[in-house]
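Keep the sequence and the 3D view side by side.

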Amino acid sequence: MSLPPSVLQQVAPLGDLLEVKSFAEVCQSFSELYRVGLKVFDREGNKIVDVKVGNADFCGYIWQKPEGRARCTATVQRVKGEPVPDVAKPVAFECFSGCRYVVQPVIYEGDAIGRIVFGPFVPDDLVQLPRTLTSIAPDFDAGLASSYMQKIRRVPQPTAEKILKHFSEILDVLVFTGHKNLLTARLHIEAVQESYRELQEKNRLLEENFGRLRELDRLKSNFLATMSHELRTPLTSVIGYSEMMLEGLGGPLTAEQREYLGIIMEKGENLLQLITSILDITKIEAGRIRLMVSEVELAQLIRDAVSTVLPHARKKGLALNCQPTAHLPRLHCDREKIRQCLINLVSNAVKFTPGGGTISVGAEELDGERVALKVADTGIGIAPEHLKQVWDVFFQVDGSTTREYGGAGLGLAIVKSFVEAHGGAVEVQSVPDQGSTFTMILPRRAGVAVEKASAKSAVS
């Protein structure tokens, strides 16, 4: 959107330089003092002040005649708009009625911004009504018109010019004061507009950068999805053939060969898990999470998840306990996704708990409508400033290349997305060097199987 030119370059209208209500009171007092009407127009001919004194009956009688009305209108147009030859002094305008006006332009900083009209008044040299007035209608009553004219003040023209000059000087002072106030206001407006221009330009650049980042993010997601699919096929073959060889289908193996194949299988499964996590993240970012909801026995779900991670816990010398799971309600959820969430949380606890530590997994009913699944450990804990970030994609508390603990930082982001897709929430409480407790709060009924596009916001 284009902005207007600088307000400092604009010519100020006369009406903006005056406090019109107060100015009208000044004009009223001035007219009553000299008993002559006073009008002030801006440069476009718009009336700012109009004070009538003594001429209402006279002008009203003339206005009743069609010809008089037309001539009055023409006179007003001349007084309002006809150029003034010398702006330095007042100029007189004759009215067809015999009355007279004196006009003084309002000049400020070399610009004509309006004009003052003093009148009508009766010039002192007018003896009788002019023919231009008495001829406006056959039934014109000269005697009545003369009596009305007696109410209009008779003033010598030089005196009227002096009075107008005096009023013009008063108006100059008012305009000067008003211009200072207006300039202050315009400087403020200019500063605001300049700030708005800068903000508008920054917003434009931000939108361009956001568009580029969004396109890069889309390309990244497509790349990850494509490469993950391409990597899974050969990796599945590597794991499958390694398992077949360990089972002796390829012939007898020495102890050393079995050890090497075991390492191949373990690392291959770790890599397959990482690829699967990347695929899950790309689906989440694309909003393609579909919940296959069914009735799930919660106690059995917890035991299945714990048994999956138990070998790793024992290998590290950790105690992995299932808290009492009796009387737990059945959960209406996507079994595989909640199971994956539990496995991710327990695996994280195993990773960050030193040998000899303890990990506890359990659940409790909260209010009849929700269930809390908790994984508590006695590990290294999380600093308070990192608690909100642990759910972000690819976030690592120690992001250096020499960090002690591995992982890509996807597990907790997947947990958060899957839980929120069920209409639930995640929480974490932690004390550095004492341990952490991760909680998944799930509704007992997650609803029908639908694609949860809202899960995309969980990783945005």
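Start on the surface. Leu-213, Leu-216 and Leu-219 form a nonpolar patch there, with about 300 Å² of accessible area together. Patches are built from residues with over 30% relative accessible area and no salt bridge; nonpolar side chains (Val, Leu, Ile, Met, Phe, Trp, Tyr) are joined within 5 Å, like charges within 9 Å. Areas come from the Shrake-Rupley method with a 1.4 Å probe, and for residues only the protein chains shown count as cover. Leu-219 sits in helix H7 (residues 157-246). Its relative accessible area is 43%, so Leu-219 is partly exposed. Buried means under 20%, exposed over 50%, and partly exposed in between.

The model is predicted: local features need pLDDT of at least 70, side-chain atom pairs count only at pLDDT 80 or more, and totals for chains, interfaces and linings use all residues. Residues are numbered from 1 along each chain as its sequence is written, and side-chain values use heavy atoms, without hydrogens or water.

Now the whole chain. It has 11 helices and 13 strands. These are DSSP runs, numbered from the N terminus (helices: H or I, at least four residues; strands: E, at least two). Of the 460 residues, 39% are buried.

Next, go inside. The largest nonpolar core has 48 residues, and Leu-298, Leu-342, Leu-373 and Met-440 have the most contacts inside it. Helix H10 (residues 335-351) supplies the largest share of this core, 8 residues. A nonpolar core is a set of buried Ala, Val, Leu, Ile, Met, Phe, Trp, Tyr and Cys residues joined through side-chain atoms within 4.5 Å. A second, separate core has 29 residues, among them Cys-27 and Phe-121. Back to Leu-373. Beyond its neighbours within four places in sequence, its contacts (heavy atoms within 4.5 Å) include Leu-298, Leu-342, Phe-438 and Met-440.

Why is strand E13 (residues 435-443) largely enclosed by the rest of the structure? Because 8 of its 9 residues are buried. E13 pairs in the antiparallel sense with strand E11 (residues 370-377) over 7 bridges. Two strands pair if DSSP finds at least two bridges between them. Here Arg-370 stands opposite Pro-443. Strand E12 (residues 425-431) also pairs with E13 in the antiparallel sense, over 7 bridges. Val-426 stands opposite Met-440. E12 and E13 form a hairpin with 3 residues between them, and Asp-433 in the turn has a positive phi of about 70°.

Helix H11 (residues 411-421) has 9 of its 11 residues buried, so it too is largely enclosed. Just after H11, Gly-423 takes a positive phi of about 85°.

Finish with charge. The structure holds 21 salt bridges, each a side-chain nitrogen of Lys or Arg within 4 Å of a carboxyl oxygen of Asp or Glu. Asp-139 and Lys-65 meet in one of them (3.4 Å, N to O). Asp-139 lies in the loop between helices H5 (131-134) and H6 (142-149), and Lys-65 in the loop between H3 (56-63) and H4 (66-81), so the pair ties together parts 74 residues apart in sequence. Asp-139 is exposed, at 52% relative accessible area. Lys-65 counts as buried, at 11%. In another salt bridge, the closest N and O atoms of Arg-330 and Glu-297 are 2.9 Å apart.

Definitions and conventions
Buried means under 20% relative accessible area, exposed over 50%, partly exposed in between (1.4 Å probe, protein chains only).
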